[in-house]
Amino acid sequence: MSVCPAIKSLKPYQGGKPVSELYRELELEHIVKLASNENPLGVGPRVQKAVQQAITEINRYPDGNGFELKQAIGEHLNVDISCVTLGNGSNDILELVARAYVCHVDDEVVFSEYAFVVYPLVTQALGAKAVVTKSKNFGYDLDAMFAAISDKTKLVFIANPNNPTGTLLSNKAIFQFLKQVQKSVVVVLDQAYFEYLDVEDRAIEWLKEFDNLIITRTFSKAYALAGLRVGYSVSSAKIADYLNRIRQPFNVNHIAQIAAISALADDSFLTRSILANKNGLIQLSKGLDELQLSYIKSFANFIALKVDDAADIYQKLLTKGFIVRPVEMENYLRVSIGTLKENNDFLEALKSVL
């Protein structure tokens, strides 16, 4: 049997080490996972109640069109539901977009170095050409990205805030970039960590001006639904129609849809999540300063910090019961924001292994 050459050389996505895996390896009594940028506050009370009620209905298929969830998102963002596409996490949407617009081996996809690892994965899986631009202070160099666009470019990925660096582009910079890019090139603005910015939502208004813009967001981070895998995109109705043609019929399960609707309505939990993250960022930053470690200023729910030997420190932290994330930047580790106690315990563990 033969398989596509691009698939043969593809390295699958590796998530953060699960707690259960570390327990099997070391049988530690206390393990703290700070590797996958999850919400440390757990599940909001409204979501818990809604999920418990929805469990009695899981003998039925979910609404394949996700009407009620799309309606809730539409009301939340003031957009028509015809512009919304639902995904099994926003990763699902990223793959759908690539499948829809990258069709030939000489098609090009532009993204920055130190960007979300899924961008090169979906590009390679389709056998297309990845055009990777140099970063600027660990963030995006939009001038370099625009210069990299050619007549073969089909897609541009921009994460803002960026993962794994946590850097942030200004609304003005992104808007100017969108004005420059030719309409034949689709631009994906990946805003998985948008809610943590706690700012006015300007990007949605840009959809009225740019038919080639797709905005992706997720319920996995600030809304604390990582285990249910539900994300979405907002775009022109035309793009949404194309994406809905190729997505799996029931790609967002019933429990996930019910939970997401409830999460959108729970402003109190979202506010607590944003505040906890803000305080946690301050706490970790101060602790890293005291340890005289350099780190990248983050606008998300994690910090990328530099150590002398990241692989060694990562392994030593595992023995202390702390799971963090090695990233592609040399000798950097990405650490998710935990609770105040988890952050403090992590800093003590880090100090002990340095």
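Is Phe219 buried or exposed, and at what relative accessibility? Phe219 counts as buried, at 0% relative accessibility; here buried means under 20% relative accessible area, exposed over 50%, and partly exposed in between (1.4 Å probe, protein chains only). The close-ups below come from a predicted model, in which local features need pLDDT of at least 70, side-chain atom pairs count only at pLDDT 80 or more, and totals for chains, interfaces and linings use all residues. Residues are numbered from 1 along each chain as its sequence is written, and side-chain values use heavy atoms, with hydrogens and water left out.

**View 1. Phe175 and Trp206 form a tilted aromatic pair.** A search of the whole structure finds twelve aromatic pairs. Rings of Phe, Tyr and Trp (its six-membered ring) pair if their centres lie within 6.5 Å; planes under 30 degrees apart count as stacked, over 60 as edge-to-face and the rest as tilted. The planes of Phe175 and Trp206 stand at 50° with the ring centres 6.0 Å apart, so this pair is tilted. Phe175 belongs to helix H8 (residues 171–180) and Trp206 to helix H9 (residues 203–206), so the pair ties together parts that are 31 residues apart in sequence. Helices (H or I, at least four residues) and strands (E, at least two) are DSSP runs, numbered from the N terminus. Phe175 is partly exposed at 22% relative accessibility, whereas Trp206 is buried at 7%.

View 2. Phe219 lies in the loop between strand E7 (213–218) and strand E8 (231–234), and Tyr232 lies in E8, so the pair ties together parts that are 13 residues apart in sequence. Tyr232 is buried, with a relative accessible area of 4%.

**View 3. The charged end of Arg217 sits over the ring of Phe194.** Its distance from the ring centre is 4.1 Å. To count, NZ of Lys or CZ of Arg must be within 6 Å of the ring centre and within 35 degrees of the ring normal. Arg334 sits over the ring of Phe302 in this way, with its charged end 5.6 Å from the centre.

**View 4. Helix H10 (residues 237–246) has the buried residues Ile239, Ala240 and Leu243.** Seen down the axis of H10, they fall within an arc of 100°, so they line one face of the helix; the arc is that of the directions from the helix axis to the C-beta atoms. The face turned away from this buried side carries the exposed residues Lys238 and Arg245.
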